[in-house]
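I opened this model to look up strand pairing and aromatic contacts. My notes follow.

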Amino acid sequence: MNRTLRVRQSQTVLPFGVGAVFDIQGESFVATGIGDWPQKGRQRVESPRLAGRLGVTGFYAAPPTANDRFDIPDAPGAPYIRFPSWLFCGACRRMKRWRIADEKPGQPPRCPSCSPGRTLAPMRFVQMCAAGHLGDVDWWFWAHSRQEAGERRQCGEREKLRFLVSERASGLEALSVICTAKGCGASRDLLDILGTQGMRCSGRNPWQRINEAAECAMPVQIVQRTAGNLYYPVVHSALDIPESDTAASHGDEEVAARVREHDLWVSLCRVAHTPRAEVFRTMIQEDTGADDRLLEAMVAEETGQPLPSASSDPAAAPVRPDLSREEWTAFIAPAMPATRDFALRETTLGLGQETAEPWAGLHRRIGRVVLVDRLREVRALSGFSRVSPDATLVPADTSRRLKWLPAVEVFGEGILLTLDKNELTAWEADTDVRRRVAGMRADLDRSFQKDRLQALTGEELSPRFVLLHTLAHLLIRQLSFESGYTTASLRERVYARPEQDQYGILVYTAAGDAEGTLGGLVQQGEPPRLAETLLRMTEAAAWCSADPLCAEHTGQGFGNLNRAGCHACALLPETSCETGNTLLDRALVIGGEHVPGYLESIVTAARSAAADALEER
């Protein structure tokens, strides 16, 4: 019976983008570079803002197939190849090196030694290096690498191997690879297989040809093929917002005026196309707050030539452009024209003249509520790394010849929530608040994720970012109970850069199919539902099943970048969070023993009101 293996088009960027290894129905595959994508049928994805920031000519989505899915490995869509190529039979335990010529469309790999042929299973372990290379474990080398009496057994048969299981041991010690070549019998168990081994790196990824291999002296690490550090994708996203013909209409006229009045503006224009330009550029941006887009446009208008980007080679490093400025300006604009892919309307919490607590306190601390009835997001994959997020970036096009990136577009809806600016400023000035965030900032400075996270947090980690980020997580968790969406179907965008006067969050649908347009999320933003949701969110955040350990923690999570935030109270699926579930602190929202919470008075008032209601009964 033929089987059909499928991958959605939206999954060809994340989580099954270029370089990702994934299992499906007992088989294992790896997504190839975009250089192997068929030209026929691929769809262009428009996102000028994102393309300009990444320095590429545009984006393409993988060619669609029936039902928006891809058959593996013989479909006309994005290509996938079988990996690892070493397979074994569960019956006779023979190992076989599977090659592309052995593939039969619509059929899984079968054991050539068994009758009837049993389905072959992929080996559990693969090898990788920090340069981003991936390959099969050299099982012949492993079987013959055991030292006996000072000698290493050798034989000329490289593919006569068996993968055995012993009943006398447990764990990896029970598994062994043995050579069945005549007169050899070399074997070694897998007890020490994980970690750095003395094997050579192939210098390439499985889809690259042998002539594309590079000399690589990086140490090889052997891991399970589903290991978390095997694949770190670098994904960028941008919302499709209406763009005007001039930058001034987006609120940049004041910043542009400050740039032209700056003492170094004339000097920048004179040396715009020399290495000295970067020095002037940085100083002007620090003094005026101008972003790269505005400054590049102004220099191009003045000199007739574009200003070279600060990162002209997007494949050389994980570029994480800041696109939040234009999005924030569009959301808070008094009147933003609606388009086919972008429509919003402002509403209120619907509390009216309510003066009773906790509603009055909630009204004072929440600013604007904007319902986004329609939005479009483009997600692009620029590359990936292995071993650690800050390792060498492998571009989506491993040949480095193409000037476009793979991308997908998703449609949905969202709720933008801002805080009261005056209340937020007063809370941020509290000494205890600043002291608590200073500790998180020190942990961030020691983290290898510093550069990546600073691209999201701004110049330095501010109290408002931690507050707004935690609020976004708490709101998503609460909305998942009330809107019908799962937490994995919702995403956050945190607008919390003090230098750009940002103080809001956007919670929006992230699903790449019909689930992203059900309308349930916007409905939850209508008054008075949102006010009730926020109150329930605050009450739920005041208690965690891991308290008091969670509430009093001085550093938990990856790199100790969280304070009061764990799986029981604040964490979300990785695809929903911009920062990978870091920089969270529930105490800044509901208060703690040594720090005031932004919504602490609401928690206190809600508990008091509940106590009074019980007494009246």
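I started with an open sheet of three strands, ordered β15-β16-β17 and paired antiparallel. Strands here are DSSP runs of E, at least two residues, and helices are runs of H or I, at least four, numbered from the N terminus. Two strands pair if DSSP finds at least two bridges between them. I noted β15 (161-165) and β17 (187-189) as the edge strands, each pairing on one side only.

This is a predicted model, where local features need pLDDT of at least 70, side-chain atom pairs count only at pLDDT 80 or more, and totals for chains, interfaces and linings use all residues. Residues are numbered from 1 along each chain as its sequence is written, and side-chain values use heavy atoms, with hydrogens and water left out.

I found five bridges joining β15 to the antiparallel β16 (residues 175-179). L161 stands opposite C179 in β16.

Next I turned to rings. I counted 14 aromatic pairs (Phe, Tyr or the six-membered ring of Trp, centres within 6.5 Å; planes under 30 degrees apart are stacked, over 60 edge-to-face, the rest tilted). W427 and Y598 have ring centres 6.0 Å apart and planes at 85°, so I logged the pair as edge-to-face. W427 lies in helix α9 (residues 421-428) and Y598 in the loop between α15 (587-590) and α16 (600-616), so the pair ties together parts 171 residues apart in sequence. Y598 is buried at 4%.

Last, I checked charges over rings (NZ of Lys or CZ of Arg within 6 Å of the ring centre and within 35 degrees of the ring normal). R42 lies over the face of Y60, 4.4 Å from the ring centre. The charged end of R188 sits over the ring of W142, 3.8 Å from its centre.

Definitions and conventions. Buried means under 20% relative accessible area, exposed over 50%, partly exposed in between (1.4 Å probe, protein chains only).
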